[in-house]
Amino acid sequence: MSHRHEQKLLDASLDTKMIQAEHILRVEKLAVSFETDSGPVAVLDDVSFSVKKGQTLGLVGESGCGKSVTAASIMGLLPQPYGKVVGGDILYQGNSITALSLPERYALRGNRISMIFQEPMTALNPVHTIGRQLSEVYELHKPELNKKARKASAIAMLNKVGIAEPEIRFDLYPHQLSGGMRQRVMIAMALACEPDILIADEPTTALDVTIQAQILELMGDLQAETGMAIIFITHDLGVVAEMCDQVVVMYAGNVVEHTDAFTLFESPSHPYTQGLMQSMPRLDAPSKTQLKAIPGNVPSLSLMPKGCRFSNRCEFSTSQCEASKPELEAYHNPNLGSHSETHLVRCFHLEDVNNA
């Protein structure tokens, strides 16, 4: 574990003894549906979490669990007219943003809430220079700046994210930059207006390990400098251990576990979370140890189980799990003492699961 993450855990433990800071973003029982030829399909159901200023929240789960749809809902970028928020609410600084008009959404998106999208290789427009695309952020959200001031701000931002010779890079096209450089440009665009919240959707995908470490360090440094909150979407638990204070584990459009990073790695409590942990290779494991796989497959969105969505793959499943859906409730794990104060788990059989 890195020194920076050890400091994050120390800060988090001290924070529990202080007055609770106001949550800058709250997602409350969010439900999202997509219209298909066969009728509406529930993609997200009862998704709830919150994040404070200066905090990093990890959204974790396998592909298709709803992480990116959650981010798109927050940003107001669900595909139209098919994707709709059909339940719950999203609150920014205590105010609902789900019913904002398009102009109000435009004013908020990229300005107060910003996002780094997946795939830096393709997220930038190949026919416009880096400088043109970065300057556009200032055109939209800082119209008082003239062309010269926009260019100066863009070059300063490129320098801030560690791009060498930013004056030269300003006039280059995306294909003339490496993957790591393109990701830095994406970060520069996302942070140009100094947002309160940054959503990073798999920001290190397709980057090699060395560049990945540099990008994660850069994001951590910029967060420490600006105090922004980060929602970090990933399926890489190693990245979660490095970056996150709080972690939300998602499965098939549901939140199944929500706790701090220490608790998640020390004593995961939901059977799905345990399966994720057991599927990771460990340096301290005996040689040739076979990794445990979660049996079965994620159910189709159009054929979800009536009860717990993990019931068809869970070794602890009973008729109760198949018939009714468990709520996301507080759980005090006896193995952790004081570290499980804010531990939420969606499961009927936690005592059996954690005593097995």
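Which residue just after H2 takes a positive phi? Keep that in mind for the first view of this predicted model.

**View 1. Helix H2, residues 67-75, and the glycine that follows.** Going along H2, the buried ones are Lys-67, Val-69, Thr-70, Ala-71, Ala-72, Ser-73, Ile-74 and Met-75. Buried here means under 20% relative accessible area.

**View 2. The largest cavity, with about 80 Å³ of space.** This is one of the 3 cavities of 30 Å³ or more in the structure. Its lining takes in 14 residues, and cysteines feature among those closest to the centre: Cys-308, Cys-314, Cys-321 and Cys-347, joined by Phe-348. By residue type, the lining splits into 9 nonpolar, 4 polar and 1 charged.

**View 3. The second largest cavity, with about 60 Å³ of space.** Around this one you'll find Met-157, Lys-160, Leu-191, Glu-194, Pro-195, Leu-222, Thr-226 and Met-228. Two helices give two or more residues each to that lining: H6 (147-160) and H9 (209-226). Sort the lining by type and you get 5 nonpolar, 1 polar and 2 charged residues.

Key. Residues are numbered from 1 along each chain as its sequence is written. This is a predicted model: local features need pLDDT of at least 70, side-chain atom pairs count only at pLDDT 80 or more; totals for chains, interfaces and linings use all residues. Side-chain values use heavy atoms; hydrogens and water are left out. On a 1 Å grid over the protein atoms alone, a cavity is a set of points where a 1.4 Å probe fits but cannot get out, and a pocket is an open set with protein on both sides within 12 Å along at least five of seven lines; lining residues have an atom within 4 Å of a point. Grid points are joined across faces, edges and corners, and a volume is the space filled by probe spheres set on the points. Ala, Val, Leu, Ile, Met, Phe, Trp, Tyr, Cys and Pro count as nonpolar, Asp, Glu, Lys and Arg as charged, and the others, Gly among them, as polar. Helices (H or I, at least four residues) and strands (E, at least two) are DSSP runs, numbered from the N terminus. Buried means under 20% relative accessible area, exposed over 50%, partly exposed in between (1.4 Å probe, protein chains only).
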